[in-house]
2 protein chains.
Amino acid sequence: LAVSRAFPRAKRYGYSHRAETREAALAAGVVDAVFDRVEEAAGQGGLVVLASPIGTFEELFLKMRDSLQPGTVVTDVGSTKVLPTRWAIKHLPKQVGFLGSHPMAGSEQRGVDFARADLFEKANCILTPTAKTKPRLIQFLEGFWTELGMHVSKMTPAQHDKVLARISHLPHILAAALVNSSELKQMLLCGKGFLDTTRLASGPENVWRDILMANAESIDESIARFIKELTNFQVALRQGDEDAVCRMLAEAREKRNQLVEMKLQRKELPA
Amino acid sequence: LAVSRAFPRAKRYGYSHRAETREAALAAGVVDAVFDRVEEAAGQGGLVVLASPIGTFEELFLKMRDSLQPGTVVTDVGSTKVLPTRWAIKHLPKQVGFLGSHPMAGSEQRGVDFARADLFEKANCILTPTAKTKPRLIQFLEGFWTELGMHVSKMTPAQHDKVLARISHLPHILAAALVNSSELKQMLLCGKGFLDTTRLASGPENVWRDILMANAESIDESIARFIKELTNFQVALRQGDEDAVCRMLAEAREKRNQLVEMKLQRKELPA
């Protein structure tokens, strides 16, 4: 929907292995035509965007490789970038350009029913070029996401995965672990705070399994870092050290408020 | 504001030790009159509601005890109930009835500026009677909070503190620890998920320090429980056990979706 709004003359072709999804996408006007084989959809040229769970990418690259037209640009919107980039370099032909994208927008809901033309507006998109990525390719995708309304930044796939472990993958695990350590009967008494803190846990498990497995090492490091902070609270509470507790709470409040302030300035949040 | 809407003829008297707060409360129409000494405000009779940080309660009870009229009902809206109840029993005269309340509504924002008449609608309120609390007192406060639009439930102060450690105090610590284990520059790239997961961390540290210190034991237990769940994720990721990761994510998603479904049925969430 966002592509259609930013590029009204673009033809949008869709592939899904599920007939139901293909029909829903056509009915919702999310694509102009659908294919039941990925090689046909990807063979139409232009820009190919992979938006399925990361664990499906390698197979999709293998299936589409022989039907890609020279000059086609391939990207993906996966939440980790090291593995997709490695697979693309390994499997895609040289006359095709690959560059990973991570448009950081969406919600815990999934599927065509939740499609929105304004999903990408004012949100961040990270491009992950390697030392060998051609400048023209970077320029092309930078222009594409910018036209959809995004703030584009760049880093290597490895840097991306390290940062995302902290600001996205760890928070997802925390939300899930919090729900799993709670009882439904007790949770029923909760306020909005608990629902916000656990919202991410409602995301689809197959998508998130793939993300977590693909970034296990960086996530391991961020879990360790987090447990250290949590243990600081635990120790201070056991010792009855109210100054330490207050200092940690104040640090968090000030840091988060600074974050919100900067997001407001960049218009990434509604005023 | 909610009291004024539910009980239009009630007189609302306010006390704050800060002149600025007293003036703002009068200007916002949140009270009909203000006092700069708590004994004067509490001495007006009727229902006395303590709504300051928990750490101030004992001193407030001591200050007001001699001016309370017989038959006055005293409650508090603190987020822990064992200590306030203990202090009330210790310090308040026998001809005054005390029963703790925990209206679970509000946000990370504080002060008269964020007052809303509809804050309590469809939200949960927990009353914490002991074996000695008079039935008429329970009835009175149950009626009071119900008139403000709340769903009232009852449990002992000890049960309350145990449940709240899990559904409120632990989530607050997790939000703060997540912010403290992140770098501002990296957080700037985050999406809405991170902001939701960390929202609680923007709460006022003096209020939350008092809550955490007053419930340290139950929180310690809930942190241990949480670290166990988090470690399950850590181990599964290290072992590359994608089935275990998927199972834990699915458990969390199903449990949270069930929670949301039940909250929708009870109209505690907008449809």
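Reply: Happy to. A residue is called exposed when its relative accessible area is over 50%, and buried when that area is under 20%, with partly exposed in between. Please keep in mind that this is a predicted model.

Me: What makes Lys267(A) exposed or buried, then?

Reply: Lys267(A) has a relative accessible area of 53%. The cut-off for exposed is over 50%, so Lys267(A) counts as exposed. Lys267(A) sits in the segment after helix 12 of chain A, and its phi is positive, about 60 degrees, although the residue is not a glycine.

Me: And why is Lys122(A) called partly exposed?

Reply: Its relative accessible area is 40%. Lys122(A) belongs to the loop between strand 6 (100–103) and strand 7 (124–128) of chain A. Phi of Lys122(A) is positive too, near 65 degrees, in a residue other than glycine.

Me: What about Asn124(A): buried or exposed, and how do you know?

Reply: Asn124(A) has a relative accessible area of 3%. Buried means under 20%, so Asn124(A) is buried. Asn124(A) is part of strand 7 of chain A. Leaving out residues up to four places away in sequence, Asn124(A) touches residues of both chains, including His102(A), Met150(A), Arg266(A), Leu188(B) and Cys190(B).

Me: Which label does Asn206(A) get, and what does Asn206(A) contact?

Reply: The relative accessible area of Asn206(A) is 27%. Buried would need under 20% and exposed over 50%, so Asn206(A) is partly exposed. Asn206(A) lies in helix 10 (residues 205–214) of chain A. Beyond its neighbours within four places in sequence, Asn206(A) is in contact with Pro53(A) and Arg110(A). A contact here needs heavy atoms within 4.5 Å. Asn206(A) and Gly55(A) are 151 residues apart along the chain, while their C-alpha atoms are separated by 8.9 Å.

Me: Now the helices. Why are helix 7 of chain A and helix 11 of chain B called oblique?

Reply: Helix 7 (residues 157–180) of chain A packs on helix 11 (residues 216–238) of chain B at an angle of about 130 degrees, with the axes 8 Å apart. Roughly perpendicular runs from 65 to 115 degrees, and roughly antiparallel needs over 145, so this pair is oblique. The crossing of helix 7 of chain A and helix 11 of chain B is right-handed. Among the residues that meet are Ile173(A), Leu174(A) and Ala177(A) from helix 7 of chain A, and Phe226(B), Leu230(B) and Phe233(B) from helix 11 of chain B. By class, this contact has 9 nonpolar, 1 polar and 1 charged residues.

Me: How do you know that helix 12 of chain A and helix 10 of chain B are oblique as well?

Reply: The axes of helix 12 (residues 242–265) of chain A and helix 10 (residues 205–214) of chain B come within 9 Å and cross at roughly 135 degrees. The value lies between 115 and 145, so the pair is oblique. This crossing is right-handed. The contact includes Val245(A), Leu249(A) and Arg253(A) of helix 12 of chain A, and Trp208(B) and Leu212(B) of helix 10 of chain B. Its residues divide into 7 nonpolar, no polar and 4 charged.

Me: Last one: what makes helix 7 of chain B mostly covered?

Reply: In helix 7 of chain B, 21 of its 24 residues are buried. Helix 7 (residues 157–180) of chain B also bends by about 55 degrees at Ala165(B).

Definitions and conventions:
Residues numbered from 1 in each chain as written. Chains lettered and ligands numbered in written order. Predicted model: local features only at pLDDT ≥ 70, side-chain atom pairs only at ≥ 80, totals over all residues. Heavy atoms only, no water. Bend = angle between axes of the 7 residues up to and from the residue. Helix = DSSP H or I, 4+ residues; strand = E, 2+ residues; numbered from the N terminus. Buried < 20%, exposed > 50% of the residue type's maximum accessible area, 1.4 Å probe, protein only. Axes fitted to C-alpha atoms, helices over the stretch in contact; angles between N-to-C directions. Parallel < 35°, antiparallel > 145°, perpendicular 65-115°, else oblique. Left-handed = near helix turned anticlockwise from the far one by under 90°. Nonpolar A, V, L, I, M, F, W, Y, C, P; charged D, E, K, R; others polar.
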